[in-house]
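Here is a briefing for a reader new to this structure.

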Amino acid sequence: MKRALITGITGQDGSYLAELLLEKGYEVHGIIRRASTFNTDRIDHLYQDPHEEGVRLFLHYGDLTDGTGLRRIVESVRPHEVYNLGAQSHVKVSFDQPEYTADVVGTGTLRLFDAVRDYCDTTGCAVRIYQAGSSEMFGAAPPPQRLDTPFYPRSPYAVAKVAGYWYGVNYREAYGMFIANGILFNHESERRGETFVTRKITRAVGRIKHGLQDKLFLGNLEAKRDWGYAPDYVEAMWLMLQQDVPGDYLIATGEAYSVREFAEAAFAEVGLNWQDYVEIDPRYFRPTEVDYLLGEATATREQLGWQPKVGFAELVKRMVAYDLELAAQEKTLSDAGHKVNLRSVTHG
Ligand code: NAP
Ligand code: GDD
């Protein structure tokens with residue numbers, strides 16, 4: 001049985017990837033962070049009591065800032081594949097916490113690679129690693145961005161991702177390690193964190209429709225992104241590790257829409273006009289913005305035989321439908337006298 005180790009298993013992508021690998025028959029190990037409240041919502045449906053028979057999902061406490069702990073986990077799990085998805089992944093937050101972001105996203109990647117390198121050296125076992133790179137690495141480079149487009153990162157997060165990317169290339173060349181760099185453009189879903197703009201919008205649409213919220217405060221409406229569907233993208237990650245040789249891959253839909261267009265489409269799903277509800281709050285502007293991301297992924301698509309299945313309209317439809325249902329549940333609670341927490345209205 002193949003064993004996979006996932007950092008960031010509790011995140012959007014980690015949860016879909018864990019599902020995919022379990023479906024494929026893998027034994028899946030995930031690294032979770034200790035928190036004072038439960039942070040495993042996205043994988044709770046996969047969790048099994050470890051005392052039961054035939055359990056294939058195992059969780060380990062760890063952190064990308066703790067190299068000793070990472071080594072111990074790698075040595076005890078003895079993985080065939082490692083997916084490095086753990087990150088302080090919010091671009092705006094990386095301006096508030098640049099040093100921490102660099103430590104987790106940049107140096108954390110190096111710690112993990114080094115732990116795997118030493119494990120391979122001492123045991124002779126081959127391990128394949130997926131490194132979660134980002135279209136943010138292209139930053140200010142004009143669209144369309146291709147694999148050979150030079151990086152021009154515009155945030156501490158993006159600079160740290162560029163470091164992670166180059167650690168991958170260097171460890172491949174220096175030690176012959178199998179490290180695949182995936183450069184993924186934005187991908188969203190019903191499980192997207194609520195402080196990212198798409199989910200912030202669809203959560204607000206649901207709550208406004210149900211009378212729980214009046215306004216939606218956003219920042220730059222003109223930014224354009226190449227938005228795909230997260231479950232499609234985790235399939236590409238897996239495919240990258242099934243190739244004969246390691247390489248770099250760019251994953252995108254090839255279509256870009258503005259934040260304004262996303263908001264327009266999301267409000268239209270429930271018969272509302274976005275302009276009646278959206279207001280601009282400069283607190284959501286970034287010191288340096290990434291204006292336009294649009295990926296040219298033809299070569300990767302052909303190489304991996306991968307295609308995105310869910311396009312922009314379907315993505316908006318799915319996210320709105322899900323958040324409409326969530327808001328209906330909140331409305332029931334609110335009507336029964338419970339306080340509904342509207343954190344995503346002000347955070348992110
Ligand atoms: P996400 O939902 O923010 O999940 C991030 C994961 O990393 C969570 O499990 C989080 O744990 C974990 N994490 C945070 N700090 C950590 C630390 N110090 N040590 C170990 N784990 C830590 O992100 P995502 O959208 O799934 O993205 C997955 C990866 O792809 C990230 O590396 C992201 O930067 C990258 N990426 C994402 C996109 C996208 O559009 N989604 C595009 C390109 C690249 P908690 O649950 O405890 O917070
Ligand atoms: N979060 C947020 N909140 N973004 C807003 C808002 C708001 O209220 N208003 C406008 N935006 C704009 C941002 O300025 C940005 O241009 C765009 O919406 C998308 O922002 P996010 O959804 O926060 O995502 P991101 O593109 O910055 O970063 C995501 O995608 C990257 C891949 O390109 C994250 O998932 C990163 O981890 C990932 O690497």
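Strand β5 gives the most to the shell around ligand 1, with 3 residues. Helices (H or I, at least four residues) and strands (E, at least two) are DSSP runs, numbered from the N terminus. This is a predicted model: local features need pLDDT of at least 70, side-chain atom pairs count only at pLDDT 80 or more, and totals for chains, interfaces and linings use all residues. Residues are numbered from 1 along each chain as its sequence is written, chains are lettered from A and ligands numbered from 1 in the order in which they are written, and side-chain values use heavy atoms, with hydrogens and water left out.

**Ligand 1**

- Around ligand 1 there are 25 residues, of which Thr10, Arg33, Asp63, Ser89 and Tyr157 come nearest. A residue counts here if one of its heavy atoms lies within 4 Å of the ligand.
- Polar contacts are pairs of N or O atoms within 3.5 Å; within protein, one must be able to donate a hydrogen and the other to accept it, and residues adjacent in sequence count only if both atoms are side-chain atoms.
- A polar backbone atom of Gln12 is 3.0 Å from an oxygen atom of ligand 1.
- For His187, a backbone N or O atom lies 2.9 Å from an oxygen atom of ligand 1.
- The side chain of Arg192 has an N or O atom 3.2 Å from a nitrogen atom of ligand 1.
- Ligand 1 taken alone exposes 900 Å², and the protein buries 89% of that. Accessible areas come from the Shrake-Rupley method with a 1.4 Å probe; for residues, only the protein chains shown count as cover.
- Two or more residues of the shell around ligand 1 come from each of α1 (12-23), α4 (98-123), β5 (128-134) and α5 (156-175).

**Ligand 2**

- Ligand 2 also has 25 residues around it; Ser134, Ser135, Tyr157, Arg286 and Gly348 come nearest.
- An N or O atom in the side chain of Ser135 is 2.6 Å from an oxygen atom of ligand 2.
- Arg192 has a polar side-chain atom 2.9 Å from an oxygen atom of ligand 2.
- A polar backbone atom of Thr195 is 2.9 Å from a nitrogen atom of ligand 2.
- On its own, ligand 2 has 710 Å² of accessible area, and the protein covers 96% of it.
- The elements giving two or more residues to the shell around ligand 2 are α6 and β8.

**Helix α8**

- Val259, Phe262, Ala263, Ala266 and Phe267 are the buried residues of α8 (residues 259-269). Buried means under 20% relative accessible area, exposed over 50%, partly exposed in between (1.4 Å probe, protein chains only).
- The cover over the buried residues of α8 includes α6 (197-209), β8 (216-218), β12 (257-258), β13 (278-280) and α10 (312-335), where contact means heavy atoms within 4.5 Å.

**Cysteines**

- The model has 0 disulfides, a disulfide being a pair of cysteine sulfur atoms within 2.5 Å.
- The sulfur of Cys125 is 7.2 Å from the closest cysteine sulfur, in Cys120, too far for a bond.
- Cys120 counts as buried, at 18% relative accessibility, and Cys125 as partly exposed, at 33%.

**Backbone**

- Most residues other than glycine have a negative phi, and most peptide bonds are trans.
- Arg78 has a positive phi, near 50°. Arg78 sits in the loop between α2 (67-77) and β4 (81-84).
- Pro143 and Pro144 are joined by a cis peptide bond, with omega about -5°. Pro144 is in the loop between β5 and α5.
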